[in-house]
Amino acid sequence: MLNNVVGEFLDFLKKNKKLSNNTLESYNRDIKQFLNYLEEIEFEYYNVKKSTILNYLYYLKKKGKSQATVSRNLSSLKAFYHYLFMKKKIEEDPTYMINTPKVEKKPPATLTVEQVDMLLSLDFGDDEKGIRDKALIELMYATGLKVSEVISLKLEDVNLSYGYVVIRSNKERVIPIGSHAIEALKNYIEKGRKTKNGENTLFLNLRGEKLTRQGCWKIIREYTDKINPGFPVTPNTLRQSFAQHMLQNGADIRAVQEMLGYQTDLNANLLSLISKSKIKEVYNKFHPRA
């Protein structure tokens with residue numbers, strides 16, 4: 001009987017909420033874990049009160065579960081008991097008026113300027129791989145691009161004479177690049193980039209094919225492990241480091257948001273007023289490797 005109720009709830013979510021299989025499995029796991037708890041304390045799911053839910057959340061905390069895990073469990077139980085109440089299987093919703101605790105977001109891990117200098121001062125080597133890897137990391141830190149944007153760049157998107165790259169997405173962005181990145185890219189295009197079948201993508205693997213997202217991650221980890229910052233470095237770490245260092249040096253947050261491609265309802269109109277020349281001025285003044 002109880003398994004039927006849980007199954008009906010999951011079917012309801014699948015049909016009406018269009019949730020992914022992973023999300024449905026998460027709901028299933030959280031609810032079954034709660035039902036096991038009820039079995040231990042000899043309680044029926046339809047007799048659950050607000051105090052039962054609160055005791056369960058405390059129980060999870062005592063077991064060392066993170067705040068995020070506790071919050072997710074409460075969200076699952078809220079959905080489950082709201083469904084039961086809506087279907088008139090219970091007389092009142094015990095989760096009503098229980099607020100989901102806010103999960104404190106940790107600031108993203110970033111490299112210091114000194115760590116970036118150490119990283120880009122490493123001996124990358126003069127072979128095809130080393131020249132490419134140096135150019136890739138220089139460009140990612142120089143621009144704060146997402147990994148998906150970096151691996152999608154075409155040769156014509158990079159203008160080394162004037163020092164900028166163009167990101168062609170929903171809203172085209174023109175991002176300046178500093179002298180270090182320009183030099184590394186020139187070296188790569190002239191000496192380290194060997195294409196296959198006329199591939200026009202900027203960054204290629206050693207077979208002359210388009211570099212993948214996984215390949216980009218692997219390159220970054222290979223070199224950042226050498227400076228050992230104490231945490232795993234990802235493409236997003238370089239992106240966040242770019243933004244943090246610009247802001248620490250006094251750059252206007254709106255100009256930095258424009259370079260990163262961030263727009264919100266609150267500041268979209270303001271961002272549209274920032275001219276490309278202003279962005280170039282901000283970049284040259286505040287980027288550590290401009």
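Author: A residue is called buried under 20% relative accessible area, exposed over 50%, and partly exposed in between, with a 1.4 Å probe and protein chains only. At 0% relative accessibility, Tyr81 therefore counts as buried. This is a predicted model, in which local features need pLDDT of at least 70, side-chain atom pairs count only at pLDDT 80 or more, and totals for chains, interfaces and linings use all residues. Residues are numbered from 1 along each chain as its sequence is written, and side-chain values use heavy atoms, with hydrogens and water left out.

Reader: What makes Phe80 count as buried?

Author: Phe80 has 0% relative accessibility, so it falls within the buried class. Tyr83 is also buried, with a relative accessible area of 5%.

Reader: Why is the pair of Phe12 and Tyr83 called tilted?

Author: Rings of Phe, Tyr and Trp (its six-membered ring) pair if their centres lie within 6.5 Å; planes under 30 degrees apart are stacked, over 60 edge-to-face, and the rest tilted. The ring centres of Phe12 and Tyr83 are 5.2 Å apart and the planes stand at 40 degrees, so the pair is tilted. Phe12 lies in helix H1 (residues 2-16) and Tyr83 in helix H4, 71 residues apart, so that the pair links distant parts of the chain.

Reader: Why is the pair of Phe80 and Tyr81 called edge-to-face?

Author: The centres of these two rings are 5.3 Å apart and their planes are at 70 degrees, so the pair is edge-to-face. By the ring-centre rule, the count comes to 14 aromatic pairs. One aromatic cluster includes Phe9, Phe12, Phe80, Tyr81 and Tyr83.

Reader: What makes the buried residues of H3 line one face?

Author: In H3, Thr52, Ile53, Tyr56, Leu57 and Leu60 are buried. Seen down the axis of H3, the buried residues fall within an arc of 140 degrees (the arc of the directions from the helix axis to the C-beta atoms), so they line one face of the helix. The face turned away from the buried side carries the exposed residues Tyr58 and Lys62. Helix H2 (21-40) and helix H4 (67-86) are among what covers the buried residues of H3.

Reader: Why is Thr52 called buried, and which residues does it touch?

Author: Thr52 has 8% relative accessibility, so it counts as buried. With contact meaning heavy atoms within 4.5 Å, Thr52 touches Tyr37, Leu38, Ile41 and Phe43, not counting residues up to four places away in sequence.

Reader: What makes strand E1 and strand E3 edge strands?

Author: Two strands pair if DSSP finds at least two bridges between them. The open sheet of 3 strands has the order E1-E2-E3, with antiparallel pairing. Strand E1 (158-159) and strand E3 (173-176) each pair on one side only, and are the edge strands. Strand E2 (residues 164-167) is joined to E3 by 4 bridges, and Tyr164 has Pro176 as its bridge partner in E3.

Definitions and conventions: Helices (H or I, at least four residues) and strands (E, at least two) are DSSP runs, numbered from the N terminus.
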